[in-house]
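This report is written for someone meeting the structure for the first time. Please have the sequence and the 3D view open while reading.

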Amino acid sequence: MRVLVVGAGATGGYYGARLAEAGRDVTFLVRPARAERLRAEGLSVKSPLGDAHISAPVTLTADALAAGEGGPFDLVLLSCKAYDLDGAIHDVAPAIGPDTAVLPILNGMRHLDALDARFGRERVLGGSCSIVATLGSSGEIRHMSEFCTLTYGERDGVRSPQLEAVDALMQGARFQPKGSDAILLEMWEKWVFLATLAGSTCLMRASIGDIVGAPGGREFLEGLYGECVAVAAAAGFEPRAKVAAQARAMLTQEGSAVTASMLRDIEGGGRVEADHIVGDLIARGREIALQAARPHLERAYTHLKSYERRRARESA
C-alpha cells in the first residue's frame, strides 16, 4: 500500500517514521519549509522503543499534490489538530482515489462528519492512537513512553478487505497496532477520558495528583468523568466496565504527574481543541435531549473558550 501521512509532527511523524523504518511505502505531506528540512536532515525519532533515523523521507507539498504529483494513495493517515482539519481536508483531496482509505486519528468524533461529507463515509475508517510525544528543538520526534498504540476499524464492525490490508500494513512496525471490530466504542471511551483529563487539568492548571490532593479535587474529577460518561451512554456508547474502572483509577491517582497536552498548549500560549474535545460533548448531550446536569463539563468549556477569547484579543 502507498501511504500518505499528513504532516510530520510528533504524532503523524512518529507513526509514519516507524512505517517507513519497517519498509513501507510512506510519503509525508508537509509544508515547504518542513520538506526542505527533512530533505536536508532526515526524520529522527528518539524513543524508549529504539531510535530511528529516516535519512531521505519522501515528501510532498500541498501545491505539488494539487499539481498531480504523487497521488492517488491507498491509505491517508490523518493526524492533524482539529483546528487544522478544514485545511488538511482541502490539501489532501487530490490524494484521494477510488480505492483510498482515510484513517483519521484525531480526538473526539466531530471530524468524522467533516470527512464523511467530503470523501464519503465508505472511505473513512475509525481510528484512535495513544502516544506521548513531542517535537524537539531540532525537529526530532521525542517519544517519551513505551506505550504507543494505533487502533483502527471499519465503523460498522465489519472485517473488510480494506481493513485486512491496513492491518497487514501495520504489522512489524515499532508500535502496537490493533484492528478493532468496535472502533466507535473505543473512540468514545478515549474521548470521555480525554475530555475529563483536559477539562480538569486545564481548568485547575495542575496535574491529576495536584487536583486529587486539593479539597474537593477528587470529587470534581469523579463528577466530570461521570458527566462525560453520561453523554456517551445516552449516545449508545457507554464505556465498558473494565475500561471505565481503569479510567477512573488513572483520573484519581494520588501523586500522579499526568496532565493533558492541552494544558501544555495553554501554558505555551498555543491553540487548543476546546470545541472538538469538550464543546462537542456538551452539544451532543443537548442533541439527544440528555437531561442530566453537566455543570463540571460546562465550567471546563467556559474556561477554555475564555482562554481562546483572551488569546485572540491579545494577539490582535
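The model is predicted.

**Helix α12**

Helix α12 covers residues 274-287. Its 14 residues span 18 Å from the first C-alpha to the last, close to the 20 Å expected at 1.5 Å a residue. The helix bends by about 40° at Asp 280. Of the 14 residues of α12, 10 are buried, so the helix is largely enclosed by the rest of the structure. Among these buried residues are His 276, Ile 277, Val 278, Asp 280, Leu 281, Ile 282 and Arg 284. The buried residues of α12 pack against α5, α7 (183-204), α9 (217-234), α11 (261-267) and α13. After the helix comes Ala 289, with a positive phi near 55°.

**Helix α9**

Helix α9, one of the packing partners of α12, has 18 residues and reaches 26 Å from its first C-alpha to its last, close to the 26 Å expected at 1.5 Å a residue. Its buried residues include Phe 220, Leu 221, Leu 224, Tyr 225, Glu 227, Cys 228 and Val 229. The buried residues of α9 pack against α7, α8 (208-213), α10 (241-251), α12 and α13. Just after α9, Gly 236 has a positive phi of about 95°.

**Salt bridges**

The count of salt bridges in the model is 18.

| Asp 113 | Arg 284 | 3.8 Å |

Asp 113 and Arg 284 meet in a salt bridge. This pair links distant parts of the chain, as Asp 113 lies in helix α5 (residues 110-119) and Arg 284 in α12, 171 residues apart.

Asp 275 is in α12 and Lys 305 in helix α13 (residues 295-315), so the pair ties together parts that are 30 residues apart in sequence. Asp 275 has a relative accessibility of 26% and counts as partly exposed. Lys 305, at 25%, is partly exposed as well.

The pair of Glu 314 and Arg 310 lies within helix α13, where the two residues are four residues apart, about one turn of the helix. Elsewhere, salt bridges link Arg 18, Glu 21 and Arg 174 in a network.

Strand β11 (residues 149-153) pairs with strand β12 (residues 176-179) in the parallel sense, over four bridges. Within this pairing, Thr 151 stands opposite Lys 178 in β12. Together with helix α6 (residues 161-170), the two strands make a right-handed β-α-β unit.

Gln 171 sits in the loop between α6 and β12. Is Gln 171 buried or partly exposed? Its relative accessibility is 38%, so Gln 171 counts as partly exposed. Leaving aside residues up to four places away in sequence, Gln 171 touches Arg 24, Tyr 152 and Pro 177. Its C-alpha atom is separated by 9.1 Å from that of Leu 19, although Gln 171 and Leu 19 are 152 residues apart along the chain.

Notes
Residues are numbered from 1 along each chain as its sequence is written. This is a predicted model: local features need pLDDT of at least 70, side-chain atom pairs count only at pLDDT 80 or more; totals for chains, interfaces and linings use all residues. Side-chain values use heavy atoms; hydrogens and water are left out. A salt bridge is a side-chain nitrogen of Lys or Arg within 4 Å of a carboxyl oxygen of Asp or Glu. Buried means under 20% relative accessible area, exposed over 50%, partly exposed in between (1.4 Å probe, protein chains only). The expected span of a helix is 1.5 Å times one less than its number of residues. The bend at a residue is the angle between axes fitted to the seven residues ending there and the seven starting there. Contact means heavy atoms within 4.5 Å. Two strands pair if DSSP finds at least two bridges between them. A crossover is right-handed if, with the strands pointing away from the viewer, the path from the first strand over the helix to the second runs clockwise.
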